[in-house]
Amino acid sequence: MAGTGVFSEILDGDVYKYYAEGEWKRSSSGKSVAIINPTTRKTQYKVQACTQEEVNMVMETAKSAQKSWAKTPLWRRAEFLHKAAAILKEHKAPIAECLVKEIAKPAKDSVTEVVRSGDLVSYCAEEGVRILGEGKFLVSDSFPGNERNKYCLTSKIPIGVVLAIPPFNYPVNLAVSKIAPALIAGNSIVLKPPTQGAVAALHMVNCFHLAGFPRGLISCVTGRGSEIGDFLTMHPGVNCISFTGGDTGIAISKKAGMVPLQMELGGKDACIVLEDADLDLVAANVIKGGFSYSGQRCTAVKVILVMESVADALVEKVKARVAKLTVGPPEENCDITPVVSESSSNYIEGLVKDAKQKGATFCQEYRREGNLIWPLLLDNVRPDMRIAWEEPFGPVLPVIRISSVEEGIHHCNASNFGLQGCVFTRDINKAMLISDAMETGTVQINSAPARGPDHFPFQVGLFSFPGHKG
């Protein structure tokens with residue numbers, strides 16, 4: 001169970017400790033932050049409320065540890081990562097338990113997240129050895145006007161201290177996707193986990209602790225964003241920031257100055273459905289892409305743009321599948337579980353009310369109990385409705401009927417988001433032309449958007465911030 005066995009060291013009474021200098025510590029603030037269980041809407045866990053002074057200490061030790069770690073042989077770094085991956089997978093059950101209680105992720109999906117995270121750590125170790133073990137040799141006469149009188153040998157060097165800020169919906173997987181590449185490359189890590197998901201992240205960090213990484217190389221600070229959020233992102237000791245989340249990333253970018261940023265800030269992933277599409281395939285992928293983990297995924301299908309001639313048939317097929325979705329607590333592995341917080345529930349409800357007021361067709365009755373929102377398909381959505389543009393991050397999916405492919409592409413590209421999208425058609429030529437015209441980082445053909453396999457590219461080169469045009 002969480003906080004017991006090999007994890008007992010990280011719990012102090014009913015408050016989980018933070019991790020610094022290779023030790024589990026209590027904050028000098030004497031304060032804690034409550035983590036609310038989305039299902040019960042009661043306090044499930046508590047974590048330390050770290051101070052700015054403690055952040056300063058963490059940054060100082062991270063910088064010192066990184067200097068030594070950068071001199072550690074590449075094969076040795078990989079050994080540490082492989083060991084951490086094995087420990088992580090071995091203790092998947094208690095970490096998955098945290099995910100169920102903190103973010104209401106279905107139990108089976110929670111276990112999957114931990115296991116795939118271990119696999120990703122090992123993959124990064126292997127790829128790091130291969131990629132970082134290569135150098136590049138250049139000669140001067142390959143550039144016009146030069147003789148072969150100069151040689152250049154290039155190699156990759158670590159950037160320094162990496163501040164990693166993962167989101168609530170994948171607090172383990174999207175944390176290790178930042179941690180493992182940074183460590184194999186010779187960097188140190190300061191992890192600031194999301195409040196919802198912090199305890200799962202602390203358990204994950206303990207797996208790295210048990211693997212024996214050098215003291216100070218990995219740190220995990222918890223606390224209120226209002227107290228240490230800006231202080232972390234503006235800290236002079238940070239050499240790179242990797243952030244996954246929402247509009248907060250825009251604020252971070254403005255405050256971080258010249259620090260390199262790696263960001264993914266959300267999606268309004270469009271699903272364009274042509275007249276010749278296999279509608280049963282579309283419906284299956286819409287359910288998978290739009291409603292898995294209650295739509296709380298940046299790569300969830302967020303809007304269906306379907307040709308008018310097949311819209312009625314597709315809506316009926318999707319409605320039939322929505323009716324089969326199970327709704328309830330994550331412990332029972334229901335398809336639809338409570339969304340992460342009351343504020344999220346209220347935001348989603350606001351989008352639904354706006355759509356109703358403006359004349360959208362409700363394919364199911366809107367139903368909500370606490371943070372639990374039943375799956376809802378909205379037909380005949382128009383561009384003047386908020387749901388057509390805003391990211392609900394919940395089990396509500398709008399359908400916009402289009403009269404031409406160009407109309408669908410225009411709506412997709414007019415969005416503020418540009419993370420992923422998908423096209424359904426039997427014509428590969430049309431699929432390639434449409435995917436090329438969609439201004440998104442990834443376009444899936446005849447499949448729902450998804451992050452993964454985890455080693456696939458997951459960003460947008462088109463815009464300043466991956467996943468967002470802002």
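This is a predicted model: local features need pLDDT of at least 70, side-chain atom pairs count only at pLDDT 80 or more; totals for chains, interfaces and linings use all residues.
Student: How many bridges join β21 to β22, and do the strands run parallel or antiparallel?

Tutor: Four bridges join β21, which spans residues 420-424, to β22, and the two run parallel. To find one of these partners on screen, pick Val423: its bridge partner in β22 is Ile445.

Student: Now a hairpin, please. What do β5 and β6 look like?

Tutor: A general idea to carry along is that side chains in a regular strand alternate between the two faces of the sheet. Here, β5 (residues 32-36) and β6 (residues 43-48) pair in the antiparallel sense over five bridges. Ser32 has Gln48 as its bridge partner in β6. The two strands form a hairpin with six residues between them.

Student: What is there to notice about the phi of Arg41?

Tutor: Most residues other than glycine have a negative phi. Arg41 is not a glycine, yet its phi is positive, about 60°. Arg41 lies in the loop between β5 and β6, and it is partly exposed, with a relative accessible area of 45%.

Student: What about the phi of Ala104?

Tutor: Ala104 also has a positive phi, near 55°, and is a residue other than glycine. You will find Ala104 in the loop between α3 and α4 (107-132). Is Ala104 buried or exposed? With 0% relative accessibility, Ala104 counts as buried.

Student: Where is Glu97, and what does Glu97 touch?

Tutor: Glu97 is found in helix α3, residues 92-103. Not counting residues up to four places away in sequence, it touches Met1, Ala2 and Tyr45. A polar atom of the Glu97 side chain lies 3.3 Å from the backbone nitrogen of Ala2. Glu97 is buried, at 18% relative accessible area.

Student: Which residue does UniProt list for "active site"?

Tutor: The unreviewed UniProt entry lists Glu264 under that heading; such annotations may be inferred rather than shown by experiment. Glu264 is found in strand β13, residues 261-264, and is buried, with a relative accessible area of 3%.

Student: How many aromatic pairs are there in the whole structure?

Tutor: A pair of aromatic rings is described by the distance of the centres and the angle of the planes. A search of the whole structure finds eight aromatic pairs. One of them is Trp69 with Phe213, a tilted pair at 5.7 Å centre to centre and 50° between the planes. This pair links distant parts of the chain: Trp69 is in helix α1 (residues 52-69), while Phe213 is in the loop between α6 (198-210) and β11 (218-220), 144 residues apart. Trp69 is buried at 1% relative accessible area, and Phe213 is buried at 8%.

Student: Which pair do Phe80 and Phe213 form?

Tutor: Theirs is tilted, with 5.1 Å centre to centre and 35° between the planes. Phe80 lies in helix α2 (residues 74-90) and Phe213 in the loop between α6 and β11, so the pair ties together parts that are 133 residues apart in sequence. Both Phe80 and Phe213 are buried.

Student: Which residues form one aromatic cluster?

Tutor: That cluster is formed by Trp69, Phe80, Phe208 and Phe213.

Technical notes. Residues are numbered from 1 along each chain as its sequence is written. Side-chain values use heavy atoms; hydrogens and water are left out. Two strands pair if DSSP finds at least two bridges between them. Buried means under 20% relative accessible area, exposed over 50%, partly exposed in between (1.4 Å probe, protein chains only). A polar contact is a pair of N or O atoms within 3.5 Å; within protein, one must be able to donate a hydrogen and the other to accept it, and residues adjacent in sequence count only if both atoms are side-chain atoms. Contact means heavy atoms within 4.5 Å. Rings of Phe, Tyr and Trp (its six-membered ring) pair if their centres lie within 6.5 Å; planes under 30 degrees apart count as stacked, over 60 as edge-to-face and the rest as tilted.
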